[in-house]
Amino acid sequence: MNRMMKAISLNAKIVVILALLLSGVHLFVKKAAAAEFNLPLNTNVKGVLTKNITSNTYTVELNKAGRFFLNVTSYVDSDTYIRLLDDENDVVFDDYTSGSSESPAKYTNWVDLEPGKYFVEIYNKYDWDENIGNYTLKATFTAANNNEVEQNNGTVNAQPLKFNQAVTGFLSWNDEVDFYKVTLPKAGRFHIDLNTYIDSNTYIKLLDNNNETVFDHYTEGSSKNPAKYYNWVDLEPGDYYLEVYNKYDWDDNTGKYILKTSFTPANNNEKESNNGTIEAQALPFSQTVTGFLSWNDTIDYYKFTLPKSGKVTFNSVSYVDETTFFQLINSQNDELLSDYVEGSSKNPAKYSKTIELKKGTYFFKVYNKYDWDDNTGKYTLKITSPVVLAPLTVDKVSDKSTVIKGKTAKNQEVIVKASGKTYKKKANSVGAFSINIPKQKAGTKIEVSAKNKYGTKKVSITVLDKTPPKTPTIKKATVTYVEGKGEKASTIYVYKGSKLVGKATVGKKGTFKAKISKQKKGSKLVVYAKDKAGNKSGSKTVKVK
Ligand SMILES: [Ca+2]
Ligand SMILES: [Ca+2]
Ligand SMILES: [Ca+2]
Ligand SMILES: [Ca+2]
């Protein structure tokens, strides 16, 4: 295939060289009979070819880039040759039209051109005697109003392009490529917005600073129906080159386009390069790192050391489109965990995995396993482990306590939160702590916490009830029941000697009525109350009436 293309292109070259040689000779021969005129824009210009005047050349000055239109009405019998040459005698087009004095030829053509001097030649190509007659010529022009800066035809002369600033560019017969240079100050998502009036294919390519192709795409449209092209790519910081070009140098793939780029930083705080175990980034426990996978970064390594054996949890929120791979390896490169999640920048994936590990050093990898182009984006990662948190034990606390005691790491600050207030104190050199607090009501929840660089260890305790209920009072004691008052929600016990004869719960109003097994009148009963915490009141002795 390649060889064939080469053969064809070689033949084409020979043809071009022959054509150039022939036209050169031809021009030389004809110079004697040629006349030169100016061709002002938007003006009908009349001319004539005779037996003696076989060629007329018109000079056109274009001071801007744009679309040049040429209209010819020719009464020449029968073929009128029309060609356009640039300043260096390169042929822009070489055409002919056929008509006669009775039925004039109508010829129209356009070409996109850079500013400069051009020559329109109306001529009798083969010096045929009968190819003579009058003609009218009219040139019009539509400026592209491009604000790109030529020459911008390679990376060296690439035009710097700022984000969110639209540039109007133009590809023409004599300009088949425009290079723009963009500088990404940080890692992030680079967006490309192209609105192109080019007929019909616009090629757009992004190169990195090493001339590696990030992407090479094309879009189809026309001056009447412009194509809209949008793309994004996640990239590391650096210089990049955007190339808008006419890939195959097709004559009609020219026109103007509007190019706009924008950039969304990933705001990642990982430290590149972190692409292997040697340069793995140390990630402290309980600290969230924001990482980023991009077109030019497919892997991030994190390293952590577990001081003692225990559980380790990996948490990640990934905005990668769409698969994020995770791997855990130990220092012998043994794989201990291999996972993936699927999500997107709009619908991030959540990952959480807990694994039991022995003490030692490990590597956690976040990566684009198969180097898929679109599997890029940012993510967060947090590694936590309870074994690295401060130890914390708290003694029991009752409604009579005025101090919270316990054990933690030496000199560790301990925070107590009770009834909306916070109390802080440091433990002593052996880790014992004692923090004064006001008395708390039974049932109150107290939070005790100790925070170190790996996270916060929390212990929740409930204030115990150590206050016995008041001794119940008796209103009435009959042979079948005992009635009276006592502490709400406590239980009333009625004993005859060592035998329990009845019990009841004190109601909301503080009263009770306990049914008892039938007693003889005059017998003595002992009554007391017990609260839910098991505290016992004093006893009351009553006589059955
Ligand atoms: Ca250009
Ligand atoms: Ca250019
Ligand atoms: Ca990265
Ligand atoms: Ca990396």
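Author: The chain of this predicted model has 41 strands and one helix. Its radius of gyration is 46 Å, whereas a compact globule of 545 residues would have one near 24 Å. Along the principal axes, the C-alpha atoms fill a box of roughly 160 × 55 × 40 Å. Buried residues make up 45% of the 545. Take contacts between residues at least 6 apart in sequence: 67% of them join residues at least 24 apart.

Now the site. The calcium ion (ligand 4) takes its donors at 2.3 to 2.7 Å.

N274 sits in the loop between β18 (255–265) and β19 (281–282), and D300 sits in strand β21 (residues 299–306), so the pair ties together parts that are 26 residues apart in sequence. N274 is buried, at a relative accessible area of 0%. D300 is buried as well, with a relative accessible area of 0%.

There is a neighbouring ion. The calcium ion (ligand 3) is 3.5 Å from the calcium ion (ligand 4). E272 coordinates both.

Last, charge across the chain. It carries 77 positive and 58 negative side chains. The centres of the two sets lie 37 Å apart. The accessible surface comes to about 29,400 Å², with 50% belonging to carbon and sulfur atoms.

Notes: Residues numbered from 1 in each chain as written. Chains lettered and ligands numbered in written order. Predicted model: local features only at pLDDT ≥ 70, side-chain atom pairs only at ≥ 80, totals over all residues. Heavy atoms only, no water. Helix = DSSP H or I, 4+ residues; strand = E, 2+ residues; numbered from the N terminus. Rg over C-alpha atoms; globule rule 2.2 N^0.38 Å. Buried < 20%, exposed > 50% of the residue type's maximum accessible area, 1.4 Å probe, protein only. Contact = heavy atoms within 4.5 Å. Areas by Shrake-Rupley, 256 points an atom, 1.4 Å probe, with all protein chains shown as cover. Lys, Arg positive; Asp, Glu negative; His and termini not counted. Charge placed at Lys NZ, Arg CZ, Asp CG, Glu CD. Donors = N, O, S within 2.8 Å, 3.2 Å for Na, K, Ca; no water.
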